[in-house]
There are 2 protein chains.
Amino acid sequence: MKTLIINANPRYQESSTNKFLQMASQWLGDQVQWVQLDEQINSLELSDAMITDFQHQLLAADKIIFQFPMYWYSAPASLKVYIDQVITTNLNLKDKVLATVMTIGNNLDDYQAGGSEKYSISEILKPYQALANKLQMKYIKPFVIDRFAYMEEQQKMQLIVEYLMLLSNLEPLSFSQKQQWFLKQLNNLSLKDDTKKDRLAVLIDQVDLNFNELDDLKANLQMIKDEGA
Amino acid sequence: MKTLIINANPRYQESSTNKFLQMASQWLGDQVQWVQLDEQINSLELSDAMITDFQHQLLAADKIIFQFPMYWYSAPASLKVYIDQVITTNLNLKDKVLATVMTIGNNLDDYQAGGSEKYSISEILKPYQALANKLQMKYIKPFVIDRFAYMEEQQKMQLIVEYLMLLSNLEPLSFSQKQQWFLKQLNNLSLKDDTKKDRLAVLIDQVDLNFNELDDLKANLQMIKDEGA
């Protein structure tokens with residue numbers, strides 16, 4: 001399975017989220033192709049050669065991810081330049097998966113009726129869903145990263161795991177699939193070099209902890225059920 | 001009242017809709033400012049001078065219109081460049097009116113649940129509505145022009161009238177307001193030169209006809225009501 005990340009972010013050089021996600025994506029090696037759009041696109045008109053290259057990347061991918069910080073309720077302009085010129089109805093992207101990864105500066109729960117932003121993320125991202133519909137692609141729920149700057153280390157570790165799961169699986173996983181996926185990753189990673197091992201150790205502890213907490217919770221629930229019976 | 005049209009259309013030179021709307025808007029003289037975005041914007045980064053100019057235009061307007069052919073379920077990239085860099089939350093656009101004028105190539109009724117496009121125009125344009133919400137602007141219903149190329153002369157005349165009403169009034173008009181508005185326009189226009197008079201004559205006949213048809217309809221309805229009583 002091959003994942004193509006079309007990353008649109010005019011400030012990618014200063015963005016800590018951008019660095020964080022790019023580093024994370026590198027764990028998956030060749031499985032993931034990261035396209036830094038604003039590094040390549042300056043003008044509103046793409047050359048024919050660029051369009052052809054971008055189209056080949058799309059055709060070679062199983063999963064396509066539009067990744068961006070939200071600028072005025074959609075992706076930065078560079079992604080629109082890309083979409084307007086690279087994607088045509090003649091390009092056969094049928095049955096590929098389209099996902100969005102979006103970072104927002106405010107709270108996710110502002111995005112609902114009665115919240116300050118009034119509309120949900122689903123509503124705001126409708127143009128991408130409509131695009132997937134038109135191209136007969138499979139649209140999956142957005143991966144939203146809110147208030148990254150305020151995240152604690154533990155939350156960032158959790159974010160890496162969830163993000164890697166998104167990149168390396170076509171569709172969202174159930175809990176038991178996540179557990180299996182994670183164990184597989186651990187086995188693969190144990191073969192690699194020492195520096196990576198150290199960086200991973202924290203992550204592994206964290207996820208183990210989460211799984212254990214969940215097991216505790218399950219056991220407690222069972223006890224309550226048994227007592228009630 | 002001052003109306004600012006931010007017209008985004010990379011193919012504005014070949015577009016017959018673009019020419020048609022621009023010609024129509026000229027009837028209103030200084031009341032309307034038409035900005036041909038793709039003539040001015042080539043790169044993804046606007047100069048400070050351009051940003052300042054664009055911001056002054058926005059601040060001077062009572063009604064702001066984003067006008068564009070739909071490209072992949074939103075405006076062409078040039079409008080996103082503009083929005084991303086010109087509009088900031090520091091720019092006070094409170095209580096101004098935001099309208100969208102959008103041309104689409106297929107039928108408007110494809111845009112609904114069960115239709116080939118699946119989502120409504122309201123859903124697809126949600127990012128602009130969210131922008132209006134954020135800036136405390138008054139968002140009014142979109143003006144959608146579908147299948148312009150297939151319109152007959154009569155439909156195009158009707159379109160001009162509806163479009164001029166949109167440009168010259170802050171909010172949508174009721175039927176009697178439309179009638180008043182139209183008579184006012186006729187009085188103004190009768191003062192102008194002969195070539196314009198000729199071009200208008202067709203339009204005037206057409207609208208008179210429409211009003212008469214409506215009067216007939218009203219009279220018929222009254223008759224049916226009276227007979228029923």
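In chain B, helix 3 (residues 48–60) and helix 4 (residues 77–86) cross at roughly 90 degrees, and their axes come within 10 Å. That angle makes helix 3 of chain B roughly perpendicular to helix 4 of chain B, because angles of 65 to 115 degrees get that label, those under 35 count as roughly parallel, those over 145 as roughly antiparallel, and the rest as oblique. On the helix 3 side of chain B, the contact uses Ile51(B), Phe54(B), Gln55(B) and Leu58(B), while helix 4 of chain B brings in Tyr82(B), Gln85(B) and Val86(B). Sorted by class, this contact of helix 3 with helix 4 of chain B has 5 nonpolar, 2 polar and no charged residues.

The model is a predicted one, in which local features need pLDDT of at least 70 and side-chain atom pairs count only at pLDDT 80 or more, whereas totals for chains, interfaces and linings use all residues. Residues are numbered from 1 along each chain as its sequence is written, chains are lettered from A and ligands numbered from 1 in the order in which they are written, and side-chain values use heavy atoms, with hydrogens and water left out.

Helices (H or I, at least four residues) and strands (E, at least two) are DSSP runs, numbered from the N terminus. Contact means heavy atoms within 4.5 Å. Axes are lines fitted to C-alpha atoms, for helices over the stretch in contact, with angles running from 0 to 180 degrees between N-to-C directions. For the classes, Ala, Val, Leu, Ile, Met, Phe, Trp, Tyr, Cys and Pro count as nonpolar, Asp, Glu, Lys and Arg as charged, and the others, Gly among them, as polar.

Back to helix 4 of chain B, which is mostly covered, with 9 of its 10 residues buried (under 20% relative accessible area; exposed is over 50%, and partly exposed lies in between, with a 1.4 Å probe and protein chains only). The buried residues in helix 4 of chain B are Ala77(B), Ser78(B), Leu79(B), Lys80(B), Val81(B), Tyr82(B), Ile83(B), Asp84(B) and Val86(B). Their cover includes helix 4 (77–86) of chain A, along with strand 1 (3–7), helix 2 (37–40), helix 3, strand 3 (63–69) and helix 6 (126–134) of chain B.

The two chains meet through 35 residues of chain B in contact with 35 residues of chain A. Between them, chain B and chain A bury about 2800 Å², 63% of it on carbon and sulfur atoms (buried area is the accessible area, taken with a 1.4 Å probe, that two parts lose on being put together, summed over both). Of the area that chain B buries against chain A, Leu44(B), Trp72(B) and Tyr119(B) supply 27%, more than any other three residues.

Chain A itself has 9 helices and 6 strands, and 48% of its 229 residues are buried. Of the contacts in chain A with a separation of 6 or more, 76% are between residues 24 or more positions apart. Helix 6 (residues 126–134) of chain A is another mostly covered one, with 7 of its 9 residues buried: Lys126(A), Pro127(A), Tyr128(A), Gln129(A), Ala130(A), Leu131(A) and Ala132(A). Just after helix 6 of chain A comes Gln136(A), with a positive phi of about 55 degrees.

Two packed helices are described by the angle between their axes and the distance between the axes. For helix 1 and helix 7 (residues 153–168) of chain A, the angle is about 55 degrees and the axes are 10 Å apart. Helix 1 of chain A is therefore oblique to helix 7 of chain A. Phe20(A), Leu21(A), Ala24(A) and Ser25(A) of helix 1 of chain A make the contact with Lys156(A), Leu159(A), Ile160(A), Tyr163(A), Leu164(A) and Leu167(A) of helix 7 of chain A. These contact residues of helix 1 and helix 7 of chain A divide into 8 nonpolar, 1 polar and 1 charged.

Thr17(A) also sits in helix 1 (residues 16–26) of chain A. At 14% relative accessibility, Thr17(A) counts as buried. Leaving aside neighbours within four places in sequence, Thr17(A) is in contact with Thr103(A) and Phe148(A). Phe175(A), in helix 8 (residues 175–189) of chain A, is partly exposed, with a relative accessible area of 31%.
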